[in-house]
Amino acid sequence: MKAAQRMLTGAEIFFECLREEKVEYIFGYPGGATLKIYEKLHDVDFLEHILCRHEQGATHMAEGYAKTTGKAGVVLVTSGPGATNTVTGIADAYMDSVPLVVFTGQVPTALIGNDAFQEADIVGITRPITKHNFLVRDVRELAETIKKAFYIATTGRPGPVVVDLPKDMLNSSCLYSYPDQVNIPGYKPRYSGHVNQIKKAASVLADAKRPLLYVGGGVIMSHATEELRALARAFNFPVTMTLQGLGAFPGIDRQSLGMLGMHGTYWANQAVNHCDVLVAIGARFDDRVTGKISAFAPDAYKIHVDIDPTAIDKNVVVDIPIVGDARKVIPALHKAIKKARDMSAWWARIEEWRRACPLSYEKNDGKLRSEYVIERLSEATKGNAIVVSDVGQHQMWVAQYYKFNHPRSHLSSGGLGTMGFSVPASIGAAFAVKDRPILSINGDGGFQMNIQELITAVAYKLPIVFVIINNSFLGMVRQWQELFYDEKYSFTDLSDSNPDFVQAARAFGMPAYATDDPVRVDALIEKGLSRGEGPVLLEFKVVKEDMVFPMVPAGAAISDMIVKRLNPERMM
Amino acid sequence: MKHVISIHVANTFGAFDRVATMFSAKGFNIHSISIGETEIREVSRMTIVTSGDDQLIDQIVKQLHRLIDTIKVVDLTDHEHVERELALIAVNYQKGQLEEIKNISDIFRGFIVDINNKTVTLEITGPPAKINAAVNVLAPFGIKEMARSGTVALKRGEQLAAQKKEVA
């Protein structure tokens, strides 16, 4: 029996809906257009509101929460600048398929279009960067709209949904009941893959001499990592992962080839080059993965499993498309493969590539290097931490050197490449995960882009270890300048213009330590990890001009990989 | 190759804009676009003429499907169908030319819908190619203004009955 309908204000309905959706946290910032909600929030006890310091921070926090839990992250901001400040976070979530529901305040309906104070057409602005968005124009539609927003954000290929709430919608009242289900005629995600396509794929895989599983974030999102591990182990298939796919298969496992693509391992990219059957699962043939399309897995029969039909044949035309949820398709595929070929010859070649060109960096000159710091962090946390990287060189070193054991543990802005992601995203993750270390790993550039959120971490006593890999450069841009832009180091040198990070962290109220000595790295990490309550900052001052290798230049074939610096004497 | 794509969209706030935004965001071409009511109150039909190779058209159709407000997407190029467009063409005329313009209009089964002492406005309906032909013939007189509706199209015959059932 449905509960009797009650007369509620829009603001009350808002919270009733969030209660129905079992929302634990709202990441937000109050303002004029949402005052009615904040008035009501004062008496709400079934969820917690987390006060960010900038609305972009709120969206990344919600992403951090969503990526670690698989549930929708919820954001609440005011109209105008509050809403436009969320745009980068929404675009980030759209590119990486992160489920968010972003509530934006709006000026009263009667004033919409009048250039009213703090008015912005956020529905128009976010149309190309949301899975869907809504403007609520009648309070009687509010509950159904919120139900639809959560449903759309979390089903199919997940993504951000914006719900714009004019101020008068929150003040006016109507009879409230929460719908049991929603009917959206144009939205019917397909979960089970086509049976015949799966059969075809299985017979191709059973006959493959050199198969390769190319695994993306979709496998993690659909909670299909157990199924993936079972499939790979049953038939001894090698597994390579995209940036978003890291953690889907254990990094220390022999069958893991690590990451592929622009900064992928030599052996993973060689395997892509030479495989005869490539199975892409929950991955989208992104340009950072494929390099030159025509030279990507040139001899391979390609199978592509994805829940989003538009991902298939978008960049690379495949032989067997399977539209469906990885969690349903992988077991079906597994079951349909009766027996695979012996993989020992294929593995022998892979091992040869692995030996020929391992990941390496200079270890014997006594200088501190980023790769070493990441390796020690991986070791100290045994690959079990939640690692939230920012964007740039350190992000690639994390992908190469941190050995992730678990899914939903590597959080990174992959598609949009948003500097300033890590600090707030790690805060969102810290609310979701209480029993594992949270590492926020940053470059000295990106750390400054949302540095204001450090106070949020302090205020909520979150045990986050903030790490800065400080090379006093916008390192990835510097790397491209060195390699492709005639060594014109335009505006990438921050040697004389970085703040004192240790002082800054202390000003925000957290302990902070710095070193440039490899010998002290373990001691600092220990200090960071053993701090029970509240955040800590560790600054590692590393050599300035290291580059991320291997590297496939943008648009080049992955066989044209650069494995090391051409003129090493230039290194400082 | 030119493709005529017919789209049923929910009659919601901004549905048209979503389709147009998607085309511009993805860099797809729109040759013409038209939108209007259908037999169902909550549903509008958009007809988009676009072009591209098979992979691109396949991607366009899938991207249209992906929009939450689109209910049905059909590439009519794959089916027998009827295409029509309406044009209003204001043509300059000098003394003695009116008869000739009226003859041209008759040949294209058009109508004169307005006239003043300098221009005569014709209404011409038909497949886009026919309208192009009329425009070419009228151009020497001087076309003062022109408005074209863009293509609207429907599947032919028996398939139409089946489609109607699906939508309802």
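Mentor: pLDDT is the predictor's confidence in each residue, from 0 to 100. This is a predicted model, in which local features need pLDDT of at least 70 and side-chain atom pairs count only at pLDDT 80 or more, while totals for chains, interfaces and linings use all residues. Residues are numbered from 1 along each chain as its sequence is written, and chains are lettered from A and ligands numbered from 1 in the order in which they are written.

Trainee: What is the mean pLDDT of chain B?

Mentor: Chain B averages 92, with 93% of its residues at 70 or more. The model as a whole scores ipTM 0.88 and pTM 0.94.

Trainee: Where in chain B is confidence lowest, and where highest?

Mentor: Helices (H or I, at least four residues) and strands (E, at least two) are DSSP runs, numbered from the N terminus. In chain B, helix α5 (residues 157-167) has the lowest confidence, a mean of 55. Strand β7 (residues 119-126) of chain B has the highest, at 98.

Trainee: Now the sheets. In what order do the four strands of the open sheet in chain B stand?

Mentor: Two strands pair if DSSP finds at least two bridges between them. Here the order is β2-β3-β1-β4 (chain B), with antiparallel pairing. β2 (32-37) and β4 (70-75) of chain B are the edges; each has a single partner strand, so one side of each lacks a neighbour in the sheet. From one strand to the next, the twist averages 15 degrees. Axes are lines fitted to C-alpha atoms, for helices over the stretch in contact, and angles run from 0 to 180 degrees between N-to-C directions.

Trainee: How many bridges join β2(B) to strand β3 of chain B?

Mentor: Six, and β2(B) and β3 (residues 43-51) of chain B run antiparallel. Look for Ser34(B) opposite Thr47(B) in β3(B).

Trainee: Which strands does helix α1 of chain B touch?

Mentor: Contact means that the C-beta atoms of two residues, placed from the backbone, lie within 7 Å. Helix α1 (residues 15-26) of chain B packs on the sheet against β1 (2-10), β2 and β3 of chain B, and its direction makes about 145 degrees with that of β1(B). Helix α2 (residues 54-66) of chain B lies across β1, β3 and β4 of chain B, at about 165 degrees to β4(B).

Trainee: How many residues of chain B are in contact with chain A?

Mentor: 18 residues of chain B meet 16 residues of chain A. On the chain B side, α1, α2 and β4 each supply at least two residues. α2(B) gives the most, seven residues.

Trainee: Chain A has an open sheet too. In what order do its six strands run?

Mentor: The order is β16-β15-β17-β18-β20-β19 (chain A), and the pairing is parallel. β16 (410-411) and β19 (512-515) of chain A are the edge strands, each pairing on one side only. β17(A) and β18(A) pair over six bridges, with Ile441(A) opposite Val467(A) in β18(A). Helix α18 (residues 422-432) of chain A packs on this sheet, touching β15 (386-389), β16, β17 and β18 of chain A, at about 175 degrees to β17(A).

Trainee: Which residues in helix α16 of chain A are buried?

Mentor: A residue is buried if 20 or more other C-beta atoms lie within 10 Å of its own, exposed if 12 or fewer, and partly exposed in between; C-beta atoms are placed from the backbone. In α16 (residues 370-380) of chain A, the buried residues include Ser370(A), Val373(A), Ile374(A) and Leu377(A). Their cover includes α17 (393-401), β17 (438-443), β18 (464-470), α22 (521-530) and β20 of chain A. Just after α16(A), Lys382(A) takes a positive phi of about 55 degrees.

Trainee: How should I read such backbone values?

Mentor: Most residues other than glycine have a negative phi, and most peptide bonds are trans. Lys22(A) has a positive phi near 55 degrees. Lys22(A) lies in the loop between α1 (10-20) and β2 (25-28) of chain A. Asp313(A), also not a glycine, has phi of about 65 degrees. Asp313(A) is in the loop between β13 (301-306) and β14 (320-323) of chain A.

Trainee: Why does Lys22(A) count as exposed?

Mentor: Because Lys22(A) has 11 C-beta neighbours inside 10 Å. Asp313(A) has 17, so Asp313(A) counts as partly exposed.

Trainee: And what is the peptide bond from Phe549(A) to Pro550(A), cis or trans?

Mentor: Cis, with omega near -5 degrees. Pro550(A) lies in the segment after β20 (536-541) of chain A.
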